[in-house]
Amino acid sequence: MEEAFQRIYEKYHGDIFQFLFYMVKNREQAEDLVQEVYIRILKSYDSFEGRSSEKTWIFSIARHVAIDFFRKQKTLKQRILETFDWDRQQIKDVHPLPEEIAAQNEELQGIYRSLDSCTVDQRSVIILRYLQGLSIAETAAALGFTESKVKTTQHRALKALKKHLADHNVREEGILKG
């Protein structure tokens, strides 16, 4: 088992971290979630039946870890909002850009920020397809979707990203002219 775990770590660690980093947009949180993925891999490795590739199985685990994280965050946020009587319009969840992204060009930064306009499923598809380079079939296997659902989700995600980027450009032009 130790040998298998070492092989998985060496082969997939970068991909798992990148996937979770783009999902949660926080280096420390992504590192914590990667550890949770490894814990789940260790717990369930003996039950892996090989019906999908090892890579898609691992991404499926990573996706579930990310979804569990978002559920916990949502529950925590709801409890805080219910506890305090704050004006909800003043509360904005701002994600700081990681130092790696800040160094990249503006267009990539815009796309990175635009991922917030996507649902978790859309974000998962975009990350797996375009950042991890998985095929439609591999993405479907990793997410537990049909291939047609991957195609539909990808289409909707790209449409949402395009709209968000266009809206952002219109706002920027208005600021520059004003």
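## Terms and model

Buried means under 20% relative accessible area, exposed means over 50%, and partly exposed lies in between (1.4 Å probe, protein chains only). Leu158 counts as partly exposed, because its relative accessibility is 37%.

This is a predicted model: local features need pLDDT of at least 70, side-chain atom pairs count only at pLDDT 80 or more, and totals for chains, interfaces and linings use all residues. Residues are numbered from 1 along each chain as its sequence is written, and side-chain values use heavy atoms, with hydrogens and water left out.

## Overall fold

The protein has eight helices and zero strands. Both kinds of element are DSSP runs numbered from the N terminus (helices: H or I, at least four residues; strands: E, at least two). Along the sequence the pattern reads α-α-α-α-α-α-α-α. The protein has 178 residues, and 34% of them count as buried.

## Into helix α2

Start in the loop between α1 (2-24) and α2, where Lys25 lies. Most residues other than glycine have a negative phi. Lys25 is not a glycine, yet its phi is positive, at about 60 degrees. Lys25 is also buried, with a relative accessible area of 5%.

Next comes the cap. Asn26 caps the N-terminal end of α2, with a side-chain oxygen 3.1 Å from the backbone nitrogen of Glu28.

## Two sides of α2

Helix α2 covers residues 27-44, which is 18 residues. From its first C-alpha to its last, α2 reaches 26 Å, close to the 26 Å expected at 1.5 Å a residue. The expected span is 1.5 Å times one less than the number of residues.

Which residues of α2 are buried? They are Ala30, Leu33, Val34, Val37, Tyr38 and Ile41. Seen down the axis of α2, these buried residues fall within an arc of 150 degrees, so they line one face of the helix. The arc is taken from the directions from the helix axis to the C-beta atoms.

## Salt bridges

Side chains of opposite charge can pair when their charged atoms come close. In a salt bridge, a side-chain nitrogen of Lys or Arg is within 4 Å of a carboxyl oxygen of Asp or Glu. The whole structure holds seven salt bridges. One of them joins Asp68 and Arg40, with the closest N and O atoms 2.7 Å apart. This pair links distant parts of the chain: Asp68 is in helix α3 (residues 54-83) and Arg40 is in helix α2, 28 residues apart. Asp68 is partly exposed at 23% relative accessibility, and Arg40 is partly exposed at 25%.

Asp68 also meets Arg71 in a salt bridge (3.6 Å, N to O). Asp68 and Arg71 are about one helical turn apart, because they sit three residues apart in helix α3. Arg71 is exposed, at 55% relative accessibility. Glu36, Arg40, Asp68 and Arg71 are linked in a network of salt bridges.

## Helices α3 and α6

Another salt bridge joins Arg63 and Asp121, whose closest N and O atoms are 2.5 Å apart. Arg63 lies in helix α3 and Asp121 in helix α6, so the pair ties together parts that are 58 residues apart in sequence. Buried or partly exposed? Arg63 is buried at 7% relative accessibility, while Asp121 is partly exposed at 25%.

Helix α6 spans residues 120-131 and also holds Ser124. Ser124 is buried, at 0% relative accessibility. The C-alpha atoms of Ser124 and Ala157 are 9.7 Å apart, although 33 residues separate the two along the chain.

In helix α7 (residues 136-143), the buried residues are Thr139, Ala140, Ala142 and Leu143. They cover an arc of only 165 degrees around the axis, which puts them on the same side of α7. Just after α7, Gly144 takes a positive phi of about 75 degrees.

Leu158 is in helix α8 (residues 147-177). Together with Tyr130 and Leu131, Leu158 forms a nonpolar patch on the surface, with about 260 Å² of accessible area in all. Patches are made of residues with over 30% relative accessible area and no salt bridge; like charges are joined within 9 Å, and nonpolar side chains (Val, Leu, Ile, Met, Phe, Trp, Tyr) within 5 Å. Accessible areas come from the Shrake-Rupley method with a 1.4 Å probe, and for residues only the protein chains shown count as cover.

Conventions
A polar contact is a pair of N or O atoms within 3.5 Å; within protein, one must be able to donate a hydrogen and the other to accept it, and residues adjacent in sequence count only if both atoms are side-chain atoms.
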